[in-house]
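The exercises below are meant to be worked with the sequence and the coordinates side by side. Each task is followed by a solution that goes step by step.

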Amino acid sequence: MSFWRAFVSSLFLTQPALACDLALALAVDVSGSVDEGEYRTQMDGLALALRDPVVSEALVRAQAKLMLVQWTGAARQRVTIPWTQASSFEALDSFADRVAADPRVWRNYSTAIGEALEITMAAFAQVPDCARHLIDVSGDGPSNEGIEPLAVHRDLRALGITVNAIAIEQSEPDLTAYFYENVIVGEGAFVETANGFADYPARIRKKLLREVTQQTAALD
């Protein structure tokens, strides 16, 4: 453990435990347009971003609960890592290890963003104690199967769930605009653009920094 992490951990030992301040569902695109190398880039990049010193400190301070979802076509969405609390740096490191090692569930199916949001939304019933509910969805193409993402927005708003997105513009140059218009929802919702899968690790780190530091600023 680094000196900085050891120092922050010592602060937790002398302060009352925080309630869960953030429930963050990480929804990763594994549709047919994502090859095996691109899948690994997403998972390794996400694991690396979770270990970023600023991101990890913010998640632990927030006592955040995290979940990983793999999604592709209609009726093909699965929670592959259930809600896990970042109760310590060790717990968060363990979650990041599981993300990096998470085996791919599907390979050759379409893109059903609406159903991905619907399935992920339902899982928040398991974390009612968390103050803020957020879905972080990645994708490299528009929805082309299943229910439309916009059809889920009303229920997401009713439940107070914010959806942010990372648009991976590997072959869809207008994907950021599509995500703005059809996918994201909630106060302060935003889209981060990755100019291809190679750009994903840097962009997911930037996205998580924006999400988690915004949330934990209120804890100072």
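Two residues are in contact when they have heavy atoms within 4.5 Å. The model used throughout is a predicted one.

**Exercise 1. Overall layout**

Task: Describe the order of the secondary-structure elements in the protein chain, and state what share of its contacts join residues at least 24 apart, among those between residues at least 6 apart in sequence.

Solution: Begin with the inventory, which gives eight helices and six strands in the protein chain. Reading along the sequence, one then finds the pattern α-β-α-α-β-β-α-α-β-α-β-α-β-α. Turning to contacts between residues at least 6 apart in sequence, 80% of them join residues at least 24 apart.

**Exercise 2. The largest cavity**

Task: Determine which residues line the largest cavity, and how that lining divides by class.

Solution: Rolling a probe the size of a water molecule over the atoms shows where empty space is left. The structure holds two cavities of 30 Å³ or more, and the largest cavity contains about 50 Å³ of space. Its lining consists of Leu26, Ala27, Val28, Leu46, Asp136, Val137, Ser138, Ile166, Tyr200 and Ile204. Sorted by class, the lining comprises eight nonpolar residues, one polar residue and one charged residue.

**Exercise 3. Positive phi angles**

Task: Locate Gln63 and Ala75, and decide whether each is buried or exposed.

Solution: Most residues other than glycine have a negative phi. Gln63, although not a glycine, has a positive phi of about 50°, and its place is in the loop between α3 (53-61) and β2 (65-71). Its relative accessible area is 10%, so Gln63 counts as buried. Ala75 likewise is not a glycine and has a positive phi, here of about 65°; it lies in the loop between β2 and β3 (77-85). Because its relative accessibility is 69%, Ala75 counts as exposed.

**Exercise 4. Salt bridges**

Task: Identify the parts of the chain that are tied together by the pairing of Arg51 with Asp93 and with Asp97.

Solution: Side chains of opposite charge can pair when their charged atoms come close. A search of the whole structure finds 11 salt bridges. In one of them, the side chains of Asp93 and Arg51 meet at 4.0 Å, N to O. Asp93 lies in helix α4 (residues 89-101) and Arg51 in the loop between α2 (36-50) and α3, so this pair ties together parts that are 42 residues apart in sequence. Arg51 also forms a salt bridge with Asp97, the closest N and O atoms being 2.2 Å apart. Since Asp97 too lies in helix α4, this pair ties together parts that are 46 residues apart in sequence. For the accessibility step, Asp93 is partly exposed at 22%, Arg51 is partly exposed at 29%, and Asp97 is partly exposed at 46%.

Task: Say how Lys207 and Glu211 are placed in helix α8.

Solution: The two residues form a salt bridge whose closest N and O atoms are 2.7 Å apart. Lys207 and Glu211 are four residues apart in helix α8, and therefore separated by about one helical turn. Lys207 is buried, as is Glu211. A network of salt bridges, finally, links Glu192, Asp199, Arg203 and Lys206.

Terms used:
Residues numbered from 1 in each chain as written. Predicted model: local features only at pLDDT ≥ 70, side-chain atom pairs only at ≥ 80, totals over all residues. Heavy atoms only, no water. 1 Å grid on protein atoms, 1.4 Å probe; cavity = no way out; pocket = protein on both sides within 12 Å on 5 of 7 lines; lining within 4 Å. Points joined across faces, edges and corners; volume = space filled by probe spheres on them. Nonpolar A, V, L, I, M, F, W, Y, C, P; charged D, E, K, R; others polar. Helix = DSSP H or I, 4+ residues; strand = E, 2+ residues; numbered from the N terminus. Buried < 20%, exposed > 50% of the residue type's maximum accessible area, 1.4 Å probe, protein only.
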